Number of protein chains: 2
Amino acid sequence: METSRRDIATMMALGAAGMAMPGTADAAAGKDGKGGQPTLVHHVFFWLNNAGSQADRDALIAGLWTLKAIPVIRNLQVGVPAPTEQRDVVDASYDVSELMYFDNAADQKIYQDHPIHQAFVAKCQHLWKRVVVYDMLVTPPAA
Amino acid sequence: METSRRDIATMMALGAAGMAMPGTADAAAGKDGKGGQPTLVHHVFFWLNNAGSQADRDALIAGLWTLKAIPVIRNLQVGVPAPTEQRDVVDASYDVSELMYFDNAADQKIYQDHPIHQAFVAKCQHLWKRVVVYDMLVTPPAA
């Protein structure tokens with residue numbers, strides 16, 4: 001087979017973009033040049049001041065997408081409560097959520113201090129009344 | 001280039017397995033045969049009855065990995081609180097977390113009712129005192 005390493009890398013990136021999860025192309029392509037597996041999940045939930053405002057929700061979602069330009073983010077997903085079964089343990093009271101992957105906690109700190117993130121906070125923080133963050137270290141299955 | 005479509009599909013699957021996020025191979029390969037992008041994130045946080053017990057934590061983690069056999073799960077990650085900066089908005093009080101992707105809310109319901117999930121709950125529910133679930137519908141970036 002004549003396929004070069006570069007071709008394979010390109011295919012992998014295209015493949016992830018076409019078939020895998022949203023944003024996985026960046027992770028598969030090793031956007032930051034490290035190429036390892038991201039191990040840190042940063043999941044943030046926002047409750048709006050004006051919970052019923054579609055305009056405020058859209059403004060926050062648009063603001064969150066600006067974060068995609070921060071290089072240490074390996075994967076960014078933005079979402080809203082899903083139409084799953086209402087159960088006591090399910091918290092569907094939030095308005096908007098962002099889910100990010102980083103290689104490690106150091107990269108998450110770089111993101112936290114990045115000017116694009118700071119600009120997002122300055123521009124959008126009036127929209128929310130409550131934020132809850134969960135940072136999860138992904139653990140491999142036991143051998 | 002002599003590469004066939006089958007070769008490309010194989011490379012994409014291998015690429016995701018080797019370089020992307022844990023478990024992404026299943027998503028990239030379209031494990032369930034649908035091939036679309038999963039849009040539902042199911043993120044669960046557990047607080048143990050015996051928060052200091054490594055044995056209980058390991059038992060819960062082992063139980064969570066048994067869920068991987070449920071076909072509708074497109075991606076499963078298991079984790080613990082990450083060593084990120086302590087800030088007021090960060091909730092690092094939980095002990096164990098699971099993060100799953102499904103194609104849609106219907107598949108999440110299939111998972112919820114699946115015998116392997118029911119067996120996990122029956123076997124492990126004595127370990128936890130509190131569970132919080134967030135179901136997030138992934139929204140695409142605005143055009």
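1. Start with the sheet: strand S2 (residues 75-81) of chain A and S3(A) run antiparallel and pair over five bridges, where pairing takes at least two DSSP bridges between two strands. Strands here are DSSP E runs of at least two residues, and helices are H or I runs of at least four, both numbered from the N terminus. Asn75(A) has Tyr101(A) as its bridge partner in S3(A).

2. A quick word on the basis: this is a predicted model, with local features needing pLDDT of at least 70 and side-chain atom pairs pLDDT 80 or more, while totals for chains, interfaces and linings use all residues. Residues count from 1 along each chain as its sequence is written, chains are lettered from A, and side-chain values use heavy atoms, leaving out hydrogens and water.

3. S1(A) also pairs with S3(A), antiparallel, over seven bridges. Tyr101(A) turns up again here, as the partner of Val41(A).

4. Seven of the seven residues of S3(A) (96-102) are buried, so the strand is largely enclosed by the rest of the structure. Buried means under 20% relative accessible area, exposed over 50%, and partly exposed in between (1.4 Å probe, protein chains only). Val96(A), Glu98(A), Met100(A) and Phe102(A) lie on one side, with Ser97(A), Leu99(A) and Tyr101(A) on the other.

5. Now look at helix H5 (residues 115-124) of chain A: its buried residues are His117(A), Phe120(A) and Cys124(A). They sit on the same side because they cover an arc of only 55° around the axis, taken from the directions from the helix axis to the C-beta atoms. Pro115(A), Ala122(A) and Lys123(A) are exposed on the other side.
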